[in-house]
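Keep the 3D view open as you read.

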Amino acid sequence: MKSRTGLLLCCLGLAACQGTNPYVASSNPIPPAPPQAANTFDRSAYPAAPRDFGRYRSWAWLDGHLPTGTAMADSAQVAEAVSSALDQRGLRPLHDNRPADLFVSADLRLETRMRQVQDDYGYGGYGGYNGYGPGYGMYGSAPIVRTYQEQVVVVHVELFDAQSGQPVWSSSAETSHRGTQSQQVDAIREAVEKAMSAYPPS
């Protein structure tokens, strides 16, 4: 009886599969492209071409403004340090009305950093007579963590393409703040050189 019922169900299933499908595929035609599509180039669909930093040869200050000075250094000292670092990388300042390849902006500020230093102090243990013989006692170390504040000189340099006005490169670096006037000038030069060390990017 069960086998007849199963056979009957199979026959009904096969008969149902042979019926017509009530769902019919249909689609609307694709609308024609607008007339301006043939003359439009979508740059966002392609990766940007690598920038040729070798074509940059000259520079001028952005908007004609020198870097702002601070209590530790005047504007001329910061400008001299940046100009020297750019000169070492083949970028020459323009002093006439010719258009520059790059515009340069530089910023100098003092910031405070929290530093931590860990010292491990050993303790315990006694040796034998004059270092000979068995020792006794305990051995170990106790870490001592000291926290202190330090002032640092932070330099930020940014380069802009003179034709497009777009930023093309930027970097920041810091170095320890020093006490005397000559030491402060050295600190500024050191920070600028650190910031410019990655130019041109590889």
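Arg92 is partly exposed, with a relative accessible area of 43%. In this predicted model, Arg92 pairs up with Asp87 in a salt bridge, and their closest N and O atoms are 3.0 Å apart. Asp87 is partly exposed too, at 37% relative accessible area. What's going on in a pairing like this? Side chains of opposite charge can pair when their charged atoms come close.

Take Glu80 and Arg189, whose closest N and O atoms are 3.6 Å apart. Glu80 has a relative accessible area of 39%, which makes it partly exposed, and Arg189 counts as partly exposed at 43%.

Now stay in helix H3 and look for Glu190 and Lys194. Their side chains meet in a salt bridge, 3.8 Å from N to O. Both residues lie in helix H3, four residues apart, and that is about one turn of the helix. Glu190 is partly exposed at 29% relative accessibility, and so is Lys194 at 42%. Elsewhere, salt bridges join up into a network that links Asp107, Arg109, Glu111, Arg113, Arg115, Glu150 and Glu174.

Time to step back. The chain has three helices and five strands, and along the sequence they come in the pattern α-β-α-β-β-β-β-α. Of the contacts with a separation of 6 or more, 67% are between residues 24 or more positions apart.

What about the inside? Buried residues make up 22% of the chain's 202 residues. In soluble globular proteins, nonpolar side chains tend to be buried together. Here the largest nonpolar core has 31 residues, and Leu159 and Tyr199 touch the most other members. Elements giving two or more residues to this core include helix H2, helix H3 and strand S4. Which residues does Tyr199 contact, leaving aside its neighbours within four places in sequence? They are Phe53, Tyr56, Arg89, Leu91, Leu102, Leu159 and Trp169.

One last stop is Ser171, in strand S5, which covers residues 167–176. Is Ser171 buried or exposed? Its relative accessible area is 15%, so Ser171 is buried, as the cut-off is under 20%. Not counting residues up to four places away in sequence, Ser171 touches Val155, His156, Val157 and Ala195.

Technical notes:
Residues numbered from 1 in each chain as written. Predicted model: local features only at pLDDT ≥ 70, side-chain atom pairs only at ≥ 80, totals over all residues. Heavy atoms only, no water. Buried < 20%, exposed > 50% of the residue type's maximum accessible area, 1.4 Å probe, protein only. Contact = heavy atoms within 4.5 Å. Core = buried A, V, L, I, M, F, W, Y, C linked by side-chain atoms within 4.5 Å. Salt bridge = Lys/Arg side-chain N within 4 Å of Asp/Glu carboxyl O.
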